[in-house]
Amino acid sequence: MVKVDVKEEHIQNSINDLITLAGGNLDTFESQLIAQIIETTLKLIHESHDTGQLKLISRSLRELRYAYRVFNAYKGIRRISIFGSARTEESHPDYVAAKKFSEMMADEEWMCITGAANGIMKAGLEGASRESSFGLSIRLPFEVPTNTVIEGDPKLIVFRYFFTRKLMFMSHSDAVAVFPGGVGTLDELFEVLTLIQTGKANIIPVVLMEGEGGVYWKHWKHYIEEHLLANGWISKSDLHIFYLASSYEDGVNHILKFYRRYHSSRYVDDKLVIRLLEPITDEQLAILNDKFSFLVRTGKIEKANPLIEETDHLDLPRLVFTHTRSDYGSVRALIDAINNF
């Protein structure tokens, strides 16, 4: 087989013709990205990938495309992911708390995302109702893949791979609630904490809850403080990334308070843009600069209009500063300070 360079003009023209034939507009950035996807796919022809590798790439792309299509129909609605054991019985205090928690969040017009199995996942969907729920199921040989609440719903998405499923949880969640569970639950929790701690995911509330009388999270936090923190493997500011709620009502209030004034954030190059639902005063800005100057690489925290590169939420006031790209636990503390004014 003769190796072909996909950058050759006739291949590029064929890719562009294909995009146009499928209804794309070559003048858009989105079509440029689709062209890059096609180029990457064509490169696989000459790179000696085996059948298993090609299946994984193909299935992953199909899973992501379909999942994004489902979620894109519900843009602008706040969503919370609920993690917890699939083995929790319906009579257990954790199940009761998860059901009441998701019901309260649904009353606040939030949608719920769970893994679609039984236990805590079923409790979350029961409380939120079918209409306000997404189910991200995973094919496992030893557990019920889909509970009766979400079964047959168009917002149920079945995944083959954990990594594509985790991406959908994180990329569509404005908050995460975690109830006690086993290895899978802790894996999901630590994945969330790692992504936030390293700046690979947006800072969102991560709330740890359980039923009345439970000590699961008390012992978990003790381990974190006595082993990870005491040995210098995490920073003290990392403790801001999660919150131990005293009750499911406390968990709801913590999440809602996070979005009291804070709306969202994004990076434009090295500038961190924090969008607010309402502006802060000059006096409050001075307090932030005094308390959080260590987060600023150059200059200071400033009020700003939308930057040229921004295309969404242009009506919201902003705070902008050149971030050090580190210590995201303290960035969470900065957001808390903004909300507490």
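Colleague: Why is Val215 called partly exposed?

Modeller: In this predicted model, Val215 has a relative accessible area of 40%. Buried means under 20% and exposed means over 50%, with partly exposed in between. The value for Val215 therefore falls in the middle class, and the residue is partly exposed.

Colleague: Where is Val215 found, and how far apart in space are Val215 and Pro180?

Modeller: Val215 is found in the loop between β6 (206-208) and α8 (216-229). Val215 and Pro180 are 35 residues apart in sequence, and their C-alpha atoms are 9.6 Å apart in space.

Colleague: Why do β4 and β7 stand at the edges?

Modeller: The open sheet has seven strands in the order β4-β3-β2-β1-β5-β6-β7, with parallel pairing. β4 (156-159) and β7 (243-244) each have a single partner strand, so one side of each is left without a neighbour in the sheet.

Colleague: How do you know that β1 and β2 are paired?

Modeller: Three bridges join strand β1 (residues 79-83) to β2, whereas the definition asks for at least two. The two strands therefore pair, and they run parallel. Ser81 stands opposite Ile113 in β2.

Colleague: What makes both faces of β2 covered?

Modeller: In strand β2 (residues 111-114), Met111 and Ile113 lie on one side and Cys112 and Thr114 on the other, and all of these are buried. Each is therefore under 20% relative accessible area, and neither face is left uncovered.

Colleague: Why is α11 described as largely enclosed by the rest of the structure?

Modeller: Eleven of the 13 residues of α11 are buried, so the helix is largely enclosed. Among them are Tyr328, Arg332, Leu334 and Asn339. The buried residues of α11 pack against α7, α9 (248-258), β8 (262-268), β9 (271-276), α10 (282-291) and β11 (318-323).

Colleague: How does the reach of helix α11 compare with the expected value?

Modeller: Helix α11 (residues 328-340) reaches 18 Å from its first C-alpha to its last, close to the 18 Å expected at 1.5 Å a residue.

Colleague: What lines the largest pocket?

Modeller: The largest pocket has a volume of about 1,300 Å³ and is lined by 40 residues. Ser171, Asp174, Asn202, Ser264 and Ser265 lie nearest its centre. The elements that give two or more residues to this lining are α3 (51-72), α6, α7, β8, β9 and α11. The largest share, six residues, comes from β8. By residue class, the lining divides into 18 nonpolar, twelve polar and ten charged.

Colleague: What makes a cavity distinct from such a pocket?

Modeller: A cavity is a space where a 1.4 Å probe fits but cannot get out, whereas a pocket is open. The structure holds one cavity of 30 Å³ or more, and the largest cavity has a volume of about 40 Å³.

How values were computed
Residues are numbered from 1 along each chain as its sequence is written. This is a predicted model: local features need pLDDT of at least 70, side-chain atom pairs count only at pLDDT 80 or more; totals for chains, interfaces and linings use all residues. Side-chain values use heavy atoms; hydrogens and water are left out. On a 1 Å grid over the protein atoms alone, a cavity is a set of points where a 1.4 Å probe fits but cannot get out, and a pocket is an open set with protein on both sides within 12 Å along at least five of seven lines; lining residues have an atom within 4 Å of a point. Grid points are joined across faces, edges and corners, and a volume is the space filled by probe spheres set on the points. Helices (H or I, at least four residues) and strands (E, at least two) are DSSP runs, numbered from the N terminus. The expected span of a helix is 1.5 Å times one less than its number of residues. Buried means under 20% relative accessible area, exposed over 50%, partly exposed in between (1.4 Å probe, protein chains only). Contact means heavy atoms within 4.5 Å. Ala, Val, Leu, Ile, Met, Phe, Trp, Tyr, Cys and Pro count as nonpolar, Asp, Glu, Lys and Arg as charged, and the others, Gly among them, as polar.
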